[in-house]
Amino acid sequence: MPLYEIHHSCPLTTSQQHALATAITTLHCTTFSAPSAFVNTAFHGPSPASPRIYVGGTPQRTNYILGHLRPRPDNAAKQAHVVSALTRLWNELARPVDGVLGRVGEELGAGCTPKRGEGRLDDERALHNVFLMEDIVAGAEQGFALPVAGKDGEWAESNMREFERRAGDGDESMRGLVREYEAKL
């Protein structure tokens, strides 16, 4: 139901991407009580064709996360938690090179030296921005119309027979969804 886009100018390994996607899914599911089968994470990595990001009118190499969410009333505290948690997850899972974060001043790889302070533009592996946008007003995912935010439980109940049918037909995503809901009962 959400879409988290990770735009990174520094290289991320497949294992770092997997770890971030898994951690973001867990974060979103525990914060918003959403089923994991509908949490989407996309990675947009470095390439010569990548668009340049300008900060203050100057081109910069940046890493940032855009979170596209469904609008919810009174959501500020949860959003602040997600922003903080995304920054922590990036620092734990994406800043390390070869699994080692290193100490300040220790060389981490080609052009990757950690700097003091989070989000510094001169730190190639830092997370520079996190933006959450409540811009998903309608949509469909895996053949199901998205529910109104906060009505996920009712939506799941009304679609459970179809989830179970598709799970029985071998749809692994639906099998996982049915298992999640059974575990919550």
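Is Asp 74 buried or exposed in this predicted model? Asp 74 counts as exposed, at 82% relative accessibility. The legends below begin with this residue.

View 1. Asp 74 is placed in the loop between strand 5 and helix 2. Although Asp 74 is not a glycine, its phi is positive, at about 50°. With a relative accessibility of 82%, the residue is classed as exposed.

View 2. The loop between helix 1 and strand 2 (40-44) holds Ser 33. This residue is not a glycine either, yet Ser 33 has a positive phi of about 55°. Its relative accessible area is 48%, and Ser 33 is therefore partly exposed.

**View 3. Helix 2 and its buried residues.** Helix 2 spans residues 76-93 and contains 18 residues. From the first C-alpha to the last, helix 2 reaches 25 Å, close to the 26 Å expected at 1.5 Å a residue. Its buried residues are Gln 79, Val 82, Ala 85, Leu 86, Thr 87, Leu 89, Trp 90 and Asn 91. An α-helix has 3.6 residues a turn, so residues three or four places apart point the same way. The elements against which the buried residues of helix 2 pack are strand 1 (3-7), helix 1 (14-32), strand 5 (64-68) and strand 6 (129-133).

**View 4. The packing of helix 1 with helix 2.** The axes of helix 1 and helix 2 lie 10 Å apart, and the two helices pack at an angle of about 160°. Because angles over 145 degrees count as roughly antiparallel, helix 1 is roughly antiparallel to helix 2. Their crossing is right-handed. On the side of helix 1, the contact is formed by Gln 16, Ala 19, Leu 20, Ala 23, Ile 24, Leu 27, Thr 31 and Phe 32. These residues meet Lys 78, His 81, Val 82, Ala 85, Leu 86, Leu 89, Trp 90 and Leu 93 in helix 2. Twelve residues of this contact are nonpolar, three are polar and one is charged.

View 5. Leu 86 belongs to helix 2. Its relative accessible area is 1%, and the residue is therefore buried, as the limit for a buried residue is under 20%. Neighbours within four places in sequence aside, Leu 86 is in contact with Tyr 4, Ile 24, Leu 27, Ile 65, Leu 127, Val 130 and Leu 132. One of these residues, Leu 127, is 41 residues from Leu 86 along the chain, and their C-alpha atoms are separated by 9.1 Å.

**View 6. Thr 62 between two strands in sequence.** Thr 62 is located in the loop between strand 4 (58-60) and strand 5. Thr 62 counts as buried, at 4% relative accessibility. When residues up to four places away in sequence are not counted, Thr 62 touches His 7, His 8, Ser 9, Ile 53, Val 55, Leu 121 and His 128.

**View 7. Asp 135 and the residues around it.** The loop between strand 6 and strand 7 (140-141) contains Asp 135. Asp 135 has a relative accessible area of 39% and is partly exposed. Apart from neighbours within four places in sequence, Asp 135 is in contact with His 68 and Leu 69. The C-alpha atoms of Asp 135 and Pro 71 are separated by 6.8 Å, although the two residues are 64 residues apart along the chain.

Methods
Residues numbered from 1 in each chain as written. Predicted model: local features only at pLDDT ≥ 70, side-chain atom pairs only at ≥ 80, totals over all residues. Heavy atoms only, no water. Helix = DSSP H or I, 4+ residues; strand = E, 2+ residues; numbered from the N terminus. Expected span 1.5 Å × (residues − 1). Buried < 20%, exposed > 50% of the residue type's maximum accessible area, 1.4 Å probe, protein only. Contact = heavy atoms within 4.5 Å. Axes fitted to C-alpha atoms, helices over the stretch in contact; angles between N-to-C directions. Parallel < 35°, antiparallel > 145°, perpendicular 65-115°, else oblique. Left-handed = near helix turned anticlockwise from the far one by under 90°. Nonpolar A, V, L, I, M, F, W, Y, C, P; charged D, E, K, R; others polar.
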